[in-house]
Amino acid sequence: MSFKEYKTHVEMGDTVILYLNIKNIHAITVSEEVKNKKGNMVPNIFQTVYGALKVKDLIGMKYGSQVQMTRGWAFALHPTPELWTLTLPHRTQILYTPDISMVLTQLELRPGSVVCEAGTGSGSLSHAILRTIAPTGHLHTFDFHEQRSRLAAEEFSAHGLGDYVTARHRDVCGEGFDLDSVADAVFLDLPRPYDAVPFAKQALKKSGTVLFSLLGGLNGKLR
Amino acid sequence: MREDGPAICDGKNYIIIKGSFMKLAKLKTQKQCQLGRASVDVAGLLGHPVGTQFRLHSGGGKQRLMRPEPVEHTEDLADAIAADESAADNRNLLANQTSQAMTKERIMEMREQGATGREIVTTIVDNSTSFQGKTEFSQAKYVRKKQKKYFEFISVQEPTVRLVASMYYMQDPLKIMNLRVDSLSQLLTACSVRPGGRYLVLESGCLAVTVAAVLERLGGHGHLVHLFQGGTPQRHAVDAINFTSDQLACLSCLDLRTLMTHHPADPTASAPTASAAPASGASPASAEAQADKTAAADQKTAAPNGETALTAEESSKPAADGIPSSGGGGDATPIDGGDEVITDGGDDVTPATEDPAAAAEEVEGTEAQESRKRRLSGSQAETGERKSKYARTRCEDSELALNMLSSKEMDGLLLCCRQHPVNLLRYLLRFLAVSRPFAVFCPYKEPLLECYFAMKAEGCIMLKVTETWLRNYQVLPERTHPEINMSGGGGYILSGFKVDRSLNRAAVTD
């Protein structure tokens, strides 16, 4: 729940970023119990090199303070899209903050922007977009992989961002965005972005921008 | 039927783009818009949707007044002018000066007679004896090069932070401390700038680009305190963008000296000079670094510069910490009002006489100057209708900013100043809440390395110093490759998080 706005103290259901050292950062969802690999519910205890952390003990702690564990301590940080990018579970290759920063700037995103994104992937860019366009904007994100689309939707909801995003399972190259003249910006990170371009044009307002990444590296832009 | 976007209005700022040349201009019906040597008839631009492309028709005469005509697409002459013949390679090409029959005078004549770009380029191509001997790619490259010179299309765009920052960087990177657009974009994410947040930005010498960038991301929700050093804060980028009054209301400016009067660097010091002690250690280094950096002409700021940032010379004693009431605000005003130096055009960085962008800057300069003069005359703003687009007077601004900072719970801290950042960062860290990020930009990495160690000593975490390269690519079929020249100067960024280490002082008994 702590992605929506800044908070001072940890509450049940929050995502807390546990910082042990620069190479050891983890995102933890605060709950009493958690599902283990066998599918059973067990007490939520997070094991680290500095000892065990009873996750429910985080509740009521101030963000930014030190967390005591059995053999040392760590820091509990408030989540930001940038920290999420570093700690999220990868289902696909993700975009990292330097590229994300350029995408946000080149698409001129700001509060109130309406954005289309394909594919959703693991939701790294999505979280950054949502932070930038809230509270008055909206993100329409598409992925042709059913499970990934669903997982992303669950994450957005768990993070309190459900109102600002519509995550759909759809192949935009084949079927389009099913949107007409609503978007200020479209971002395509697809194997064949040119297939989606005519649909992107349809979805865009007359004054919108499209940005797509080719070959995982080259950027082209149309207006 | 797709709705058009907003229309080009009289009296607003726009960015005019001609090829790769960008210029900021306020469009007024009675005036012409100067573009290089030609001028454009503004009346022909107004009313069309923002983003429209226009073809310029020569009006002839000495003034070279061009008449714009809206077009759906621009032409790429390389496609339009196809030669019948081309060679497979360049084995027969000789580089002598005789291949072009057209003379410069003849081309100028054609231009004055109102020939279109297409006609001129076609004539040049026809009169080139070596054209047929070039390869297809080479012919296209030649036509594009000629086209660039006789290009007659412009587009009118809404000024956004992206365009304004790119424009300043293109015109003169030193004016904005080499803050390239990708570095700027990373500052925004490093501080996780979000609507509704409260941000403290110390900026001096960057034409207010970072201030405008944060303001754009706030979109009317949240607050931004712009801390500045010297007489008046720079406003260039903020004035360039057509911010609404709601968006501008999020911005308040505060002089660093005023802040330090209310929150002295070292509260235990009895005399102001005692607080110079931490600064003096860094002074020699920072004086040198500063001498290098201010070579770009920061002379107009008569006020104390970076290395003395922590010595509040003007204040008599360190005032007790406390939120000034409106009565107490009277203490602040002598410092505020007394040493106000109204620099002309707010152009603290360079005299506005030098370059092609001078005309644009003068427009902004006078505007900024006028609004600043209005703001300084506090009494006028109190009565009835405010003439200034800014919501508050300078005094009200300072008070608001001080109140906000006194809570010491800012959501992000951003430093982008010409002075050595280490002491400033040490001082300003106290206003940042815990578990919140800070970022410092510097055109050089050495000051940031000092900051890195200073912040480590303060107990901050996730400290990183990064540098980015920005590379442009030529994208053409079978000819896609990085461009030969790449920008090496985009500056460096230090980022990190502030945390609370108080647990560490207690003994670990487990």
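This is a predicted model: local features need pLDDT of at least 70, side-chain atom pairs count only at pLDDT 80 or more; totals for chains, interfaces and linings use all residues.
Figure 1. Among the contacts in chain B with a separation of 6 or more, 75% join residues 24 or more positions apart.

**Figure 2. The interface of chain B and chain A.** About 4,000 Å² is buried between chain B and chain A, with carbon and sulfur atoms giving 59% of this area. Chain B contributes 43 residues to the contact and chain A contributes 51 residues. Ten residue pairs, both members at pLDDT 80 or more, are in polar contact between the two chains. On the side of chain B that touches chain A, the elements giving two or more residues are helix H5 (161–171), helix H6 (181–190), helix H7 (209–218), strand E12 (436–442), strand E13 and helix H18 (502–505). H6(B) provides the largest share of this side, namely five residues. Sorted by class, the side of chain B that touches chain A holds 17 nonpolar, twelve polar and 14 charged residues.

**Figure 3. Salt bridge between Glu108(A) and Arg162(B).** The rule finds two salt bridges across the interface of chain B and chain A. In the pair shown here, the side chains of Glu108(A) and Arg162(B) meet at 2.8 Å, N to O.

Figure 4. H6(B) is mostly covered, with nine of its ten residues buried. The buried residues of H6(B) are Val181(B), Asp182(B), Ser183(B), Leu184(B), Ser185(B), Gln186(B), Leu187(B), Leu188(B) and Thr189(B). Just after H6(B), Ser192(B) adopts a positive phi of about 45°. H7(B) is likewise mostly covered, and ten of its ten residues are buried. Those buried in H7(B) include Val209(B), Val211(B), Val214(B) and Leu215(B), together with the charged residues Glu216(B) and Arg217(B). Gly219(B), which follows H7(B), has a positive phi near 55°.

**Figure 5. The surroundings of Thr468(B).** Thr468(B) is located in the loop of chain B between strand E13 (461–467) and strand E14 (473–474). With a relative accessible area of 18%, Thr468(B) counts as buried because the cut-off is under 20%. When neighbours within four places in sequence are left aside, Thr468(B) is in contact with Arg180(B), Asp182(B) and Gln186(B). One of these residues, Gln186(B), makes a polar contact through its side chain with the side chain of Thr468(B), at 2.8 Å. Asp182(B) and Gln186(B) are among the buried residues of H6(B).

**Figure 6. Positive phi values at Met177(B) and Asn178(B).** Met177(B) lies in the loop between H5 and H6 of chain B. Although Met177(B) is not a glycine, its phi is positive, at about 55°. Met177(B) is buried, its relative accessible area being 4%. Asn178(B) is also found in the loop between H5 and H6 of chain B. The phi of Asn178(B) is near 65°, again a positive value in a residue other than glycine.

**Figure 7. Cis peptide bonds in chain A at Gly119(A) and Pro135(A).** Ala118(A) and Gly119(A) are joined by a cis peptide bond with omega of about 0°. Gly119(A) is situated in the loop between strand E9 (114–118) and helix H3 (124–133) of chain A. A cis peptide bond also joins Ala134(A) and Pro135(A), where omega is about -10°. Pro135(A) has its place in the loop between H3 and strand E10 (138–143) of chain A.

Figure 8. At 2% relative accessibility, Phe156(A) counts as buried. Not counting residues up to four places away in sequence, Phe156(A) touches Thr120(A), Ser126(A), His127(A), Leu130(A), Thr141(A), Leu161(A), Gly162(A), Val165(A) and Ala167(A).

Key:
Residues are numbered from 1 along each chain as its sequence is written. Chains are lettered from A and ligands numbered from 1 in the order in which they are written. Side-chain values use heavy atoms; hydrogens and water are left out. Helices (H or I, at least four residues) and strands (E, at least two) are DSSP runs, numbered from the N terminus. Buried means under 20% relative accessible area, exposed over 50%, partly exposed in between (1.4 Å probe, protein chains only). A polar contact is a pair of N or O atoms within 3.5 Å; within protein, one must be able to donate a hydrogen and the other to accept it, and residues adjacent in sequence count only if both atoms are side-chain atoms. Contact means heavy atoms within 4.5 Å. Buried area is the accessible area (1.4 Å probe) that two parts lose on being put together, summed over both. A salt bridge is a side-chain nitrogen of Lys or Arg within 4 Å of a carboxyl oxygen of Asp or Glu.
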